[in-house]
Amino acid sequence: MNRSMPWLLLLWGFISTGPLAYAAVELGATRQEADATVGCLFPMSGRGGLYGRDSAVGVELALEHLEQAGLKNTPRLRVLFADSKSKASRAVRQVRDFVHNEQARFICGVVNSAIALQVTQVAQDLEVFFIGTDHASSSLTGESLNEFYFRTNNDSAQSMRAGARYIREHLYPDKKGEPLRIAFIGPDYDYGYQTWKDLRSSLAREGVRYKVIKTLWPKLYEPDYTTFIRSLMSQQVDLVVNSLWGGDMVAFVQQAVRTDFFQHSRFANFDTGANYEVLSALGSELPQGLILSARHHVNWPDTKLNKWFVYRFHALTGRYPSYAAEGAYSGILAIAEALRQTGSDASNSEIRKALLGLKLHLPEDPEGFDSYMNPQDHQLQQVIAIGETLRDLRYPPAQMMLGKWQVYTPQALDTPSNLPTP
Amino acid sequence: MKLVIAMLMDGVIYASWLFVIAAGLTLIYGVMKILNMAHGSFYAIGAYSGASLVGIYLAGGNPVWGSYLVLLGAALVIGALVGLMAERGLLRFMYGRDEVVMILVTYGLLLILEDVIKLIWGVEAYSTYQPYTLLGRSKIAGLSFANYDFVLIGVSLLVGFLLWWGLNRTRSGKLLQVVIHDRNTASTQGINVTRMFTVTFVIGAVLGALAGALTAPGISVMPGLGVEVIVLAFAVVVIGGLGSVGGALVGALIVGLARAAAVHIYPDAELFVIYGVMALVLAFRPQGLFAIASARKI
């Protein structure tokens, strides 16, 4: 025991200190020259590590963009990153560290909606702004909304509203008045439940008559979907709506593709399914004809800004960005724009007013559209593009990308569908 | 009818690999009185080794049927190696300590191995589907099942039979039963208890790794797998009775069928039902359904 224990302790120390390298990431201005400090919380290691690493590059691109734009009164931002390790307790502690030790006025990031719910509480208590860039549960902009929270990525309500419109326009009329037979599978936590709630309310709003055949709630990071897939296939279903994300979406598709699942019914994931992370991980395994969307697409819109964002990201990293990168990019631009309008010494109420009236042109905005903040729910309003998987080798290692786009602006989704009721 | 068949089949398939893991866990406890928390890591290491070695093997353009041998070889070699290192490098120094201390030690080992897995294989998921799809699919009552899963059931039955035969019909097994009954008496009778412990631990580790390697083609091999599995394996051995291989079989069937029934009928209760059954057994039969009767010294 005495001889082996020091070696074990050494091994443990080596293992446990490895991820700390990310805790020290700092971008932008130095502490002395910065007009404001932003503390970003992302998983930088472990299973969600790609989201954090992509977000850091997104922030780098945002700072580069701000410098190149050279607008008058643009604040010099100091952006700090901490590895939340996808743990709520750690994230909450890091918010306090950012505020008390680094004088951060803004917190940004957070991938997991359940963690974001805790971060939004502590940010409110400390009276610092929390700019959500990568979680999507609409409860944060609904029942849990507070005056310090704003979000710059699509939320589940927007995605599901667009999804319901897509169903109404492309899947529902085939049923000739029969209710659409829907099954839902989503992760067993706030985001999954909220997505399902949003989809149901959006379908009701669109006047779609539907019958719920099954709802399944596999736990986050479920390795084996066999039983869930068989359960979905054991009954006649017209459409399976899936709200799994990241590695879970990849695992589900990999396991489903070995069965007749995708011949059994149509399959849709309206919020995260076409994240580049998923497309690249699945490669040629991803079947054609799946109805997917994501909060940012590398191949849509075909604008100068989106091309710059995607290819600049690729030049820096050698890979294409997941939507986390554009979310973080948007968050930093939002903070910079608010401070540019108000000045870095502005009070919280002045900054809040600027954020409430925020308008930004982002990589995911098509020509002629700017993302804008909804002052009622503090959610940035953006265009949702839903597509079908098609073979496309332009963005390797992905071999299937989205095409056959259906594009929904916030204004279009706010007005009822003009299709006749079947 | 379709629903019942789906539940039964899913339950039995789930139980089959769960039994192989739980058999290793319960064997180690039965002989060594160590509730080995690191057993989940043996499963994960088996899964990662199997998935990555099959990937390398297939990338060389080799025939897919050979991947079954790769999976088996990975489980046997890696499982034995890791088991031997854990027992000789750590646990042998702790023999004679309280069972709670052993739980803490093996829990520490679990945490270390979880990070070692991330260091070796990274955090991306591994998928090695070729051995799973090679055998094709069969239809039962209109439901499609992978033939690989039937093989898995067969392997678990074979493992169960070999364990029973080894423990009850061989000289080594009978010596092992003496150790289980009273290790001090066994030692005075000239039985090399230390060697028995090492062999038992290695067999247990190989069973854990075997379950991991065999399930790898059907699942997504990802970090955290070991932690997920050890909780399930504990539920199985608690239900079946610590130290009982037969109990592990029944426990695995109960857990597998309960989970499958929950997913098909009331998905919200998927996790609850496993621990609900465990709580029920603990309430009415705390020693488990098939606990080995132990002599009490007075």
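**Stop 1: chain A**

Select chain A and colour by secondary structure: you'll find 14 helices and 16 strands (helices are DSSP runs of H or I with at least four residues, strands are runs of E with at least two, and both are numbered from the N terminus). Before going further, note that this is a predicted model, where local features need pLDDT of at least 70, side-chain atom pairs count only at pLDDT 80 or more, and totals for chains, interfaces and linings use all residues. Residues are numbered from 1 along each chain as its sequence is written, while chains are lettered from A and ligands numbered from 1 in the order in which they are written.

**Stop 2**

Across the boundary, 25 residues of domain 1 are in contact with 24 residues of domain 2 (contact means C-beta atoms, placed from the backbone, within 7 Å). On the domain 1 side, look at α4 (113-126) and α12 (323-342) of chain A, which each supply at least two residues. That side divides into 11 nonpolar, 10 polar and 4 charged residues; here Ala, Val, Leu, Ile, Met, Phe, Trp, Tyr, Cys and Pro count as nonpolar, Asp, Glu, Lys and Arg as charged, and the others, Gly among them, as polar.

**Stop 3: chain B**

Switch to chain B, with 12 helices and 2 strands. Walking from the N terminus, you pass α-α-α-α-α-β-β-α-α-α-α-α-α-α. The C-alpha trace spans about 60 × 45 × 35 Å along its principal axes, and 49% of the 298 residues are buried.

Zoom in on α4(B). What covers its buried residues? Show α2 (39-59), α3 (66-89) and α10 of chain B, which are included in that cover. The buried residues of α4(B) include Met102(B), Leu109(B), Leu113(B) and Trp121(B).

**Stop 4: where the chains meet**

Show both chains: 34 residues of chain B are in contact with 28 residues of chain A. On the chain B side, α1 (2-32), α4 (99-121), α5 (130-134), β2 (143-146), α10 (225-240) and α11 (245-265) each supply at least two residues. The largest share, 5 residues, comes from α1(B). By class, that side of chain B has 21 nonpolar, 8 polar and 5 charged residues.

**Stop 5: the core**

Which residues have the most contacts inside the largest nonpolar core? Select Ile107(A), Ile332(A), Leu18(B), Ile21(B) and Ala22(B), in a core of 227 residues (a set of buried Ala, Val, Leu, Ile, Met, Phe, Trp, Tyr and Cys residues joined through C-beta atoms within 7 Å). α1(B) gives the most to this core, with 19 residues. Both domains of chain A give residues too, so the core lies between them.

Finish on Ile332(A): leaving aside neighbours within four places in sequence, its contacts are Val38(A), Val59(A), Ala62(A), Leu63(A), Leu77(A) and Val79(A).

Notes: Contact = placed C-beta atoms within 7 Å. Buried ≥ 20, exposed ≤ 12 C-beta atoms within 10 Å, placed from the backbone. Domains from an automatic or database assignment.
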